[in-house]
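Subject: Structure handover and notes

Hello,

Here is the structure for your files. My notes on what was found in it follow below.

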Amino acid sequence: MNTYKMVLNEDTRVLIYGNSIKVVRIRIDEINYISCANRIIMIHTNNASDRFYGKMKDVYNLLGKYGFEYIKSEIVNCMNVSSMTVNSIILREGTELICSKKFKQKFRNLMWN
């Protein structure tokens with residue numbers, strides 16, 4: 001697989017990722033959540049989903065200080081969360097994601113701030 005690259009333009013808050021074949025630019029406020037399966041990272045927005053080969057740790061290191069947080073195996077944009085129940089997070093666009101015990105209290109505290 002081609003080597004991927006991922007950077008964040010902090011001035012415009014645009015995430016840029018890709019490889020020698022494809023480069024994508026996306027505003028981080030448009031991202032609802034990010035999931036991963038077998039190192040294939042999937043970025044979910046209201047309008048589309050896109051995928052690339054990478055590491056969730058690298059994604060979190062770039063986006064963690066901009067209101068993104070782990071809830072289990074996904075990284076969620078806290079600004080796009082409409083509510084939280086006992087075991088799940090519900091995004092504004094309707095997606096419901098399971099929140100593990102490990103991350104539940106931290107995420108609940110973020111919801112109150």
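Helices (H or I, at least four residues) and strands (E, at least two) are DSSP runs, numbered from the N terminus. The model is a predicted one, in which local features need pLDDT of at least 70 and side-chain atom pairs count only at pLDDT 80 or more, while totals for chains, interfaces and linings use all residues. Residues are numbered from 1 along each chain as its sequence is written, and side-chain values use heavy atoms, with hydrogens and water left out.

Asp50

Asp50 is in strand β6. With a relative accessibility of 18%, Asp50 counts as buried (buried means under 20% relative accessible area, exposed over 50%, partly exposed in between; 1.4 Å probe, protein chains only). Its side chain has a polar contact of 2.7 Å with that of Tyr17, and another, also given as 2.7 Å, with the side chain of Lys22. A polar contact is a pair of N or O atoms within 3.5 Å; within protein, one must be able to donate a hydrogen and the other to accept it, and residues adjacent in sequence count only if both atoms are side-chain atoms. Leaving aside neighbours within four places in sequence, Asp50 is in contact (heavy atoms within 4.5 Å) with Tyr17, Lys22, Val24, Ile41, Met42 and Ile43.

Salt bridges

The structure holds five salt bridges, each being a side-chain nitrogen of Lys or Arg within 4 Å of a carboxyl oxygen of Asp or Glu. One of them joins Lys22 and Asp50 at 2.7 Å, N to O. Lys22 lies in the loop between β2 and β3 and Asp50 in strand β6 (residues 49-53), so this pair ties together parts that are 28 residues apart in sequence. Lys22 is partly exposed, at 40% relative accessibility.

Lys106 and Glu69 form another, at 3.3 Å, N to O. This pair links distant parts of the chain, with Lys106 in helix α2 and Glu69 in strand β7, 37 residues apart. Lys106 is partly exposed at 43%, whereas Glu69 is buried at 6%. Salt bridges that share partners also join Arg27, Asp29 and Glu30 into one network.

Cores

A nonpolar core is a set of buried Ala, Val, Leu, Ile, Met, Phe, Trp, Tyr and Cys residues joined through side-chain atoms within 4.5 Å. The largest has 21 residues, and Leu15, Ile34 and Ile43 have the most contacts inside it. Elements giving two or more residues to this core are β1 (5-9), β2 (14-18), β3 (23-27), β4 (31-37), β5 (40-45), α1 (56-63) and β7. The largest share, three residues, comes from α1. A second, separate core of eleven residues includes Ile71, Val81, Leu97 and Cys99.

Helix α2

Helix α2 (residues 101-112) has twelve residues and spans 18 Å from its first C-alpha to its last, close to the expected 16 Å (1.5 Å times one less than its number of residues). Which residues of α2 are buried? They are Phe103, Lys104 and Phe107. Seen down the axis of α2, these buried residues fall within an arc of 115°, so they line one face of the helix; the arc is that of the directions from the helix axis to the C-beta atoms. Their cover includes β7 (68-70), β8 (75-77), β9 (81-84) and β10 (88-91).

Regards
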